[in-house]
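Take a walk through this structure with the sequence at hand.

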Amino acid sequence: MKKKVIVVIAVLALVVLVRSCLLPVTVSGTSMESTLQDGEFAIMSRDFSVIKRFDIVVLSSETLKETIIKRVIGLPGETIEYKNDKLYVNGKYVKETFLDQSFKEQKKREMESPLFTNNFKVTLKKGEYYVLGDNRLNSVDSRALGTFTIKDFKARGGIILYPFNKMGRTE
């Protein structure tokens, strides 16, 4: 009996430890295509002490009253600008290597849009982050929701666990 109690306590401790460090996430919707697909399941890290540009993050959106998955584009204090489908951070061009070129062209044709990311410019204040979905023509993100702060972050990075053929890091 004593061994069973110890095993149960150990299992519960492990569950609490894992839940405090990791967040299971199921992708819902198409806003992160072509990187993440609707229905994919991932385990994300609850360690968001260091947020970097292009991290995939899980956020709590007060406006939408739901949890969303997006990519960090702008960091506190930066000026973010898109001109002719190119990202400029503080006036310097930054390549977005994670965006699939053929996917971008296909979506532009489908939506009859000359741009994948419409032109805009925003300057972030201290503590503000700017996030976008990878499927720019079909994403509700900072362009509509505004900026996010660290209190909105729930997780970042992670590993896709399902479907098995896509198992690996979320990048």
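**A walk through the predicted model**

Ser34 sits in the loop that links strand 1 (22-26) and strand 2 (41-45). Helices (H or I, at least four residues) and strands (E, at least two) are DSSP runs, numbered from the N terminus. The peptide bond leading from Glu33 into Ser34 is cis, and its omega is near 5°.

Residue numbers start from 1 along each chain as its sequence is written. This is a predicted model, in which local features need pLDDT of at least 70 and side-chain atom pairs count only at pLDDT 80 or more, while totals for chains, interfaces and linings use all residues; side-chain values use heavy atoms, with hydrogens and water left out.

Move on to the next loop. Phe54 lies between strand 2 and strand 3 (56-61). Phe54 is not a glycine, yet its phi is positive, about 80°.

Now follow strand 3 into its partner. Strand 3 and strand 4 pair in the antiparallel sense, over six bridges. Two strands count as paired if DSSP finds at least two bridges between them. Ser61 stands opposite Glu66 of strand 4.

How much of strand 4 (residues 66-74) is buried? Seven of its nine residues are, so the strand is mostly covered. Buried means under 20% relative accessible area, exposed over 50%, and partly exposed in between (1.4 Å probe, protein chains only). Strand 4 is also joined to strand 9 (residues 130-132) by three bridges, and these two run antiparallel. Val72 has Val131 in strand 9 as its bridge partner.

Which strands form the open sheet, and in what order? Four strands do, in the order 7-6-5-8, with antiparallel pairing. Its edges are strand 7 (92-94) and strand 8 (120-123), each of which pairs on one side only. From one strand to the next, the twist averages 25°. Such angles run from 0 to 180 degrees between N-to-C directions, with axes fitted as lines to C-alpha atoms, for helices over the stretch in contact.

Look inside this sheet. Strand 6 (residues 86-89) pairs with strand 7 over three bridges, in the antiparallel sense. Val89 has Lys92 of strand 7 as its bridge partner. Asn84 lies in the loop between strand 5 (79-83) and strand 6. Its phi is near 50°, a positive value in a residue other than glycine. Asn84 is exposed, with a relative accessible area of 56%.

Turn to helix 2. Which of its residues are buried? In helix 2 (residues 101-110), they are Phe103, Lys104, Lys107 and Lys108. Seen down the axis of helix 2, these buried residues fall within an arc of 135°, so they line one face of the helix. The arc is that of the directions from the helix axis to the C-beta atoms. Ser102 and Arg109, on the other side of helix 2, are exposed. After helix 2 comes Glu112, with a positive phi near 50°.

End at the start of the chain. Met1 lies in the segment before helix 1 (2-21). Met1 is exposed, at a relative accessible area of 79%.
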